[in-house]
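Please look over the two-chain model shown below.

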Amino acid sequence: MNYIEHIGKYFIMLKQVFKKPQKWSVFKEMLFREVEDLGLKSLGIITFISFFVGGVVAIQTALNVDSPFIPKYLIGFATKRSMILEFAPTFMSIILAGKVGSYISSSIGTMRVTEQIDALDVMGINSLNYLVLPKIIAALFFYPLLILLAMFLGIVGGYFAGVLTALFFSEDYIYGIQLDFNPYFVKYAVIKTLVFAFVIATIPSYHGYYVKGGSLEVGRASTQAVVWTSVVIILLNYFLTQMLLG
Amino acid sequence: MIEVKNLYKEFDGTPVLKGISTTFEKGKTSMIIGQSGSGKTVFLKCLLGLHKHEKGSIIFDGRDYEDLKDKEHRQLRQEMGMVFQGGALYDSLTIEENVMFPLKMFTNNSFEDMLERVNTVLKRVNLENVNSKFPAELSGGMQKRVAIARAIVMNPKYLFCDEPNSGLDPNTATVIDNLIQEITKEYQMITIINSHDMNSVMEIGEKIVFLKNGVKAWEGTNKEIFKTENEAIVDFVYSSNLFKKVREVYLNETK
């Protein structure tokens, strides 16, 4: 199957996904389950990575800013900008594409090869709507919160990394992160995250839903899902940056 | 009654079902048999509406599947129960949640009423005290029984089973066979079983449809299968010495 066919099939899938849920109470139940599986269970990894990425960004900036003419508060400023503009929304989305994307494609793929999806279809349930829509809503709702948390923790991580290693003073860093704060950048990051959340929920669902074969194919679909989700995120990141900041 | 008329299905230009016609009656256990690749599973999936057929028609109690509107389709599907080869139970749900799932999806009953119905059908398939267990904690035979319980929880008119005995020991297979036959009579369903297991065919096959290379090569009852001279079915059913002997004994006894 060529790329155009895959893209067409993906949009046909979305048409089925965006239909009214057959039973709201069941949909609500699924939604809460997905918020837990896709969102809450990613809190740990996001907290851990963002804290240390923030630390690394601050240390690297500090080590590269050794000129006496460059004020030390720029370390805090650069860390804040890097975390808000790029590291939190894009880097964390790539991490989520790996963690959540493989989970989504393998769980749906396993349901496909063990005929659980056929069982839904036989009952007259729109399996795409039942399985994928709660994932999309959960991701759209929860990932912006995760990314905002990642921004905050990254900046905090930068503070601790610099202050504990005495690379800069606490006052300089705090002054730097308050300097020239532009709320639009947070808005930009949230918009990017919403788009990436949609991609993270739908591309792996597509790969899982249409898998054919057995466990080996489910594994392959999972790998493909992560690769394509990451590729699409990187491409969309470029276009969104051009559109929103360019 | 389910009437199948001249059913034709192909994949990428290769015909898999070549004009099959037959009927399935209420309160009877019908079996589809045939070698691997004969089109049994495709036939069953066409009946279930999981595969769209190119020609012919499938009529469920006067309702032609092709002529139904979306709402009527959904209604018809709610009248179907399906027992999949591997059970197809939802791994993340408990047994109670698995069996309750169709009720939750299609009825507005209270939780207590749904639970009562779940317990009734679980008891009917001889399973008790398993409500809070997960499918992975049950044996293959128990999983099949849960799958049967889920299939009958909505009181279906039509029950479809794909290889319900695969992977089960002979004793458990017999239990499952008898259970399917009992509930077919009890609920007056039209039951269609896709099977390789000749023991099941001889035991509960009140109507047998034999497929070969996508065509109906023979049809009859489990009594008639002993007497038939149809070469295709004789080659298939009596390929083992055990069944040859069983046939000889049967024919001698009924002379």
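## Residues with positive phi

The loop that joins α7 (170–178) and α8 (183–209) of chain A contains D180(A), where helices (H or I, at least four residues) and strands (E, at least two) are DSSP runs numbered from the N terminus. D180(A) is not a glycine, yet its phi is positive, near 50°.

N6(B) counts as partly exposed because it has 13 C-beta neighbours inside 10 Å.

## Basis and confidence

This is a predicted model, in which local features need pLDDT of at least 70 and side-chain atom pairs count only at pLDDT 80 or more, while totals for chains, interfaces and linings use all residues. Residues are numbered from 1 along each chain as its sequence is written, and chains are lettered from A and ligands numbered from 1 in the order in which they are written.

The model has an ipTM of 0.83 and a pTM of 0.86. For chain B the mean pLDDT, the predictor's confidence in each residue on a scale from 0 to 100, is 88, and 100% of the residues reach 70 or more.

## Chain A and its helices

Chain A has nine helices and zero strands, and its C-alpha trace spans about 70 × 40 × 30 Å along the principal axes. Of its 246 residues, 43% count as buried.

Helix α4 (residues 73–113) of chain A has 41 residues, and its first and last C-alpha atoms are 56 Å apart, close to the 60 Å expected at 1.5 Å a residue; the expected span is 1.5 Å times one less than the number of residues. A kink of about 50° is centred on M83(A) in this helix, the bend at a residue being the angle between axes fitted to the seven residues ending there and the seven starting there. In α4(A), 29 of the 41 residues are buried, and just after the helix E115(A) takes a positive phi of about 65°.

Helix α6 (residues 127–164) of chain A has 38 residues that should span 56 Å, and its end C-alpha atoms are 52 Å apart, which agrees. In α6(A) a kink of about 30° lies at F142(A), shortly before the proline P144(A). After α6(A) comes A166(A), with a positive phi near 60°.

Beyond its neighbours within four places in sequence, M82(B) is in contact with A119(A) and V122(A), among others, two residues being in contact if their C-beta atoms, placed from the backbone, lie within 7 Å.

The contact between the chains takes 13 residues from chain A and 14 residues from chain B. On the side of chain B that touches chain A, α2 (70–78), β6 (80–83) and α3 (95–106) each supply at least two residues.

Key. Buried ≥ 20, exposed ≤ 12 C-beta atoms within 10 Å, placed from the backbone.
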